[in-house]
Amino acid sequence: MSQPHRSNRGNRERNGEHRRSREPSPDRSSSRPPYFPREADLPPRHVRDARQADHQGSKCTNICSRRGIVLICAVLTNSLVLICVVAAQLVTSGLSSAAGLGGFDINSNFNLQGTELQQARDLDMQYSQMRAPGIYGGLAFSLTLGVVSLLFVVAGNKPPQLMSRKLLLGALVFQAAGAVAYVAAVGLYLHFVIGVNATDVCKQRERIYGRNGYTWMTCDVSGADAAVALFGLITAILYGVGVVLTVQTIRRVKRHHQERKRREADKQQARGRGRPQSAPLRAETTSV
């Protein structure tokens, strides 16, 4: 009767030893549980904060900041300026030019006939050629600033503290130059349009079209030209607001870097203070 009892007891002991052998042995070199990583193995705190912010915030979150929204609005207003410049050329080109582009018979659709029709064609061509520098200059100017603004929007898909300082300074200089350039461009555009409308070619066109009932073809500033000036000034205001927001961003990034350097300096000082204390302890243990 005692032999089965002893054999069962031995089996239980062997099973218990087997279960204990499968359990992970704790790390005796550290007082923390084994599933906690050591602080020395972790990356620096600012790197962890940046990774966490980058993980939580998507690219849209970084682009749709106040600074990014202002740049996106500037891209849209640049597009509106470009559209209004093209519309101004189509509106002021004259009925004969519009008919030629449309591809239908102008004699059956307009009151202009004979010599007046030929004279209107010549005047429309001369007037369009006189306005060509303003049209092409406005297209190139708005298209260039719109594309560059879009590039800065795409480049700002990262948190400000991870962006290059040169990129932020470049955005600041670009927006400041864009605001000044748009104000100057609007003034030059209106001065150019008013100068072209004050010529004899425009006045002769106005008289010919007025005699045939087209009283809206005048030498005043058209609505499309006024829209070009309006959207140009709005774009200049947006660039000015972008300058203020970019300056604030640069200051925040500068304070962030200064605070990070200060924390790193404090850590180094704390480590330096702890090293002299550990040396005598080691000497005493070795002597014992």
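Predicted model: local features only at pLDDT ≥ 70, side-chain atom pairs only at ≥ 80, totals over all residues.
According to the unreviewed UniProt entry, the annotation "transmembrane region" covers residues 69–91, 135–155, 167–190 and 226–247. Two of these spans were examined for their secondary structure. Residues 135–155 are 100% helix and 0% strand, with end C-alpha atoms 30 Å apart. The span 167–190 is likewise 100% helix and 0% strand, and its end C-alpha atoms are separated by 34 Å.

Two packed helices are described by the angle between their axes and the distance between the axes. For α6 and helix α8 (residues 200–211), the axes come within 9 Å and cross at roughly 140°. This crossing of α6 and α8 is left-handed. On the α6 side, the contact is formed by Glu116, Gln119, Ala120, Leu123, Asp124, Gln126, Tyr127 and Met130. Helix α8 contributes Val201, Cys202, Gln204, Arg205, Ile208, Tyr209 and Arg211. Sorted by class, the residues in contact comprise eight nonpolar, three polar and four charged.

Rolling a probe the size of a water molecule over the atoms shows where empty space is left. The second largest pocket holds about 240 Å³ of space. Two or more residues of its lining come from each of α4 (66–92), α6 (114–155), α7 (165–197) and α9 (223–287). In total, 16 residues line the second largest pocket, and Gly134, Gly137, Gly138, Ala185 and Tyr189 lie nearest its centre. The lining contains 11 nonpolar and five polar residues but no charged ones, whereas four charged residues take part in the contact of α6 with α8.

Key. Residues numbered from 1 in each chain as written. Heavy atoms only, no water. 1 Å grid on protein atoms, 1.4 Å probe; cavity = no way out; pocket = protein on both sides within 12 Å on 5 of 7 lines; lining within 4 Å. Points joined across faces, edges and corners; volume = space filled by probe spheres on them. Helix = DSSP H or I, 4+ residues; strand = E, 2+ residues; numbered from the N terminus. Nonpolar A, V, L, I, M, F, W, Y, C, P; charged D, E, K, R; others polar. Axes fitted to C-alpha atoms, helices over the stretch in contact; angles between N-to-C directions. Left-handed = near helix turned anticlockwise from the far one by under 90°. Contact = heavy atoms within 4.5 Å. UniProt positions renumbered as here; feature names shortened; annotations may be inferred.
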